[in-house]
Amino acid sequence: MKKIITLTAALAIFFGCNCPQNSCESPEAELPGYVLSDDLTEVKIGEDGALLSLCNKETRHNYAAGAGLWRMFYNTLDEKEMQIDGTENTPTVSQEGNVITITYKGLIHRGKALKMDLTLTVTLEDGAVRFGSTVTNNEPHTIIRELQYPLVGDMKLPEGHKLLTTHTGGQLHDDAIDLIVNVNPKTLYMKPDQYFRQYDLQYPRHAASNCYAFVGESDGLYFGSHDQSLQQTWHGLRAYPSAPNQFDRLEAGFYRYPNAMCGDSWSNNTSILKPYMGSWTETSHIYREWMNTWWDKQDVPQWVKEMTGWQRIIFKHQYGEYLRKYTDLPGRINDCGKSVGCNTVLAFGWWSDGMDNGYPNYYIDETQGGEEAWKKAIADYRAKDNRLVLYYNGRLVDRESDWYMHGNGKKAVNRDNTGAEFAEHYKFTGEGTALGYYDTRTFSIADMSNREWRNMLLQWADRAMAYGADAVFYDQLGVAEEFPNWDCSGEFPVQDIYTGRYKADALKEIRDHIKAINPEFCLGTEWLSDCTSQFCDFVHIVEFTAEPYSFPEWFKYTFPEVIWSDRCLRDDTDVERRANNTLLKGLVNDIEIFRCRGLIDETPYYQGYLAQINTIRHKYPEHLLGAGRFVHMNGFTCSSEDIIARGYVNGDRLAIVATTLCEEGASGKISVPGYRFVESSSIGDVKVSGNGSKLKLGQNGITVLIYEK
């Protein structure tokens, strides 16, 4: 492990090289530099600090191309963003053992020497490359805002490699550059798109886990931020042009936010890049192995494991319309749930002001009989073998609420970089136009580090238990805050990048509080993120899980113990495909008819089909509900690429769920070594051979095959 220049490199420099551009013997990889190598991985840093090689030793593929490893952004009092590029500065590079150190004593920008130091480290650990950084700022009247590092620029992907992100639990995109380049043109209006295109993805917000990967059938490259601080981290995915308007140079990395003013230092040592062998499931194993060192998930009560989903219902809307009354709960609402095999209600808008109104006061509706009437409705509903989940919003503060106007609300909300309160508007409409477009509800955003707010969250859980509910649900606590608090006390305003951690801490406090009182009482939140779902018994997803690129399999495989829902199936449109997807991927049903304003008997096709789906779930609850462990396709194979098959294991039995989206249907063979076929249950056009080895499926036909060791 020392500075080297090989004979091959010397000859290549003299004569030119015909080596493949993406091989470990490419011209960039043969330049002089500093090498770390083990049985799995080779990484090489050039004398100028560039990334010359990032090689999978097994495939001999080099993902790097000699591009710069970093860029930095800083502010002055006059200019809000100035970029320092790593290629514009000359470092001192050294190596000791398995650590390469890249040191910049003073940085140059626009010909000016800045009193800013940057030290980068590159370490090889069992095939994984760890990238560390330390930033020191001694330049008066500046702040270092952002460090983009490590970067793999002009990235060379093997043919067929796809981009796997953890957006919404998982998305799989065939062409990373196509995804990045074809971003929403509305966002390009505000970006310097002549320089690059960017796919916006950050953790813990859009990304459910702090990793992504480029995956092939038998190998790939993993990017992981193994950072327990839960600071907001950007998954850096850009495309740069090789010629004007030709965005074909892929760059991948991580972006972080030091916010280092003069006199400050900042360090991070959590970025991991690892070339690996195997399928995409290897990325799950890498990430979960790290998560196991600190994750705090507890087993959930049996009733949640047996839950097929919930009816999400608004009793009273924000503009005053009663959609349901308390007495409907044990009546028509119960009947609708029973008709589709769903025994749980997630109750929205049960308070007097109505949904998205009056937060955080939640005054009981006296016009319906007050607390006694609400308790009776819940008790009568639960007496019919049902479960009631009570809703609260975990972060919104209504500016017309008593707590905001007459209490401490104005002192406990997030403020922007000018000290003004953030405003969030909820534009639900009736049947006219003035309400939704003009007369909207206006909310401030609660500061999740505020003790009074956190105490209210605990009090709401106590109140839900006193009402006789089975669980409490806090909306919008699953992810980092879109509108974080800014500290304006210094020379420069600084945003809080730890709001995801505050929400995780709040959920842990609530979980520990309620479980000490009643272990069977449960906790749920909205938005899927590993750092918050560890403290929840169930999670309500926030986006679609059945798009062509949706791949919730990643999160289900990595965190099989997390119970989470689908979303956006709210009418009689595209029912079979989307309901099948929920069964196939192991999600629970979020029944939100007409955006929670209707009941499922108003969508008779969806009602009839979901009843069939849940009949199968109830037939095999040990596999298809929360007790079954999602294994993707481990342990079995399917001969047809047109058949989508997923497996669930419990004890000695394996359940395989299989369907097809092909208009002409599909046929194939299922091989399950070491198991014998027991039985099957199907919906639609399905034929299963007597020994369970052959399938014939019409479009959207779905079957569950049971095998036993």
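Which hand does the crossing of α10 and α11 have, left-handed or right-handed? The crossing of α10 and α11 is right-handed; a crossing counts as right-handed if the near helix is turned clockwise from the far one by less than a right angle, and as left-handed if anticlockwise.

## Basis of the report

This is a predicted model, in which local features need pLDDT of at least 70 and side-chain atom pairs count only at pLDDT 80 or more, while totals for chains, interfaces and linings use all residues. Residues are numbered from 1 along each chain as its sequence is written, and side-chain values use heavy atoms, with hydrogens and water left out.

Helices (H or I, at least four residues) and strands (E, at least two) are DSSP runs, numbered from the N terminus.

Helix α10 (residues 451-467) packs with helix α11 (residues 499-517) at an angle of about 35°, and their axes are 10 Å apart. Axes are lines fitted to C-alpha atoms, for helices over the stretch in contact, and angles run from 0 to 180 degrees between N-to-C directions. Residues of α10, including Arg451, Leu457, Leu458 and Met465, meet residues of α11, among them Tyr502, Glu509, Ile510 and Ile517; contact means heavy atoms within 4.5 Å. By class, this contact of α10 with α11 has 9 nonpolar, 1 polar and 5 charged residues. Here Ala, Val, Leu, Ile, Met, Phe, Trp, Tyr, Cys and Pro count as nonpolar, Asp, Glu, Lys and Arg as charged, and the others, Gly among them, as polar.

Helices α6 (residues 329-339) and α7 (residues 370-382) also pack at an angle of about 35°, with 9 Å between their axes. Their crossing is right-handed. Leu329, Pro330 and Asn334 of α6 make the contact with Trp374, Ala377, Ile378, Asp380 and Tyr381 of α7. These residues divide into 6 nonpolar, 1 polar and 1 charged.

## Nonpolar cores

A nonpolar core is a set of buried Ala, Val, Leu, Ile, Met, Phe, Trp, Tyr and Cys residues joined through side-chain atoms within 4.5 Å. Buried means under 20% relative accessible area, with exposed over 50% and partly exposed in between (1.4 Å probe, protein chains only). The largest core has 186 residues, of which Trp70, Trp350 and Trp374 touch the most other members. Helix α10 gives the most to this core, with 9 residues. Apart from it lies another core, of 18 residues, including Phe636 and Tyr707.

Not counting residues up to four places away in sequence, Trp374 touches Phe315, Tyr326, Leu329, Ala347, Trp350, Ile364, Leu390 and Tyr467.

## A covered helix

Helix α14 (residues 575-585) is mostly covered, with 9 of its 11 residues buried. Among the buried residues are Val575, Arg578, Asn580 and Lys585. Just after α14, Gly586 takes a positive phi of about 75°.

## Strands and sheets

Strand β18 (residues 211-215) is largely enclosed by the rest of the structure, because 5 of its 5 residues are buried. Cys211, Ala213 and Val215 point one way from β18, and Tyr212 and Phe214 the other way. Strand β14 (residues 162-165) runs antiparallel to β18 and is joined to it by 3 bridges; two strands pair if DSSP finds at least two bridges between them. Leu163 stands opposite Phe214 of β18. Strand β19 (residues 219-225) pairs with β18 in the antiparallel sense over 5 bridges, and a hairpin joins β18 to β19 through 3 residues. Val215 stands opposite Gly220 in β19.

Elsewhere, 4 strands form an open antiparallel sheet in the order β1-β2-β3-β4. Its edge strands, β1 (33-37) and β4 (61-62), each pair on one side only. Strand β3 (residues 51-56) is joined to β4 by 2 bridges, and Asn56 has His61 in β4 as its bridge partner.
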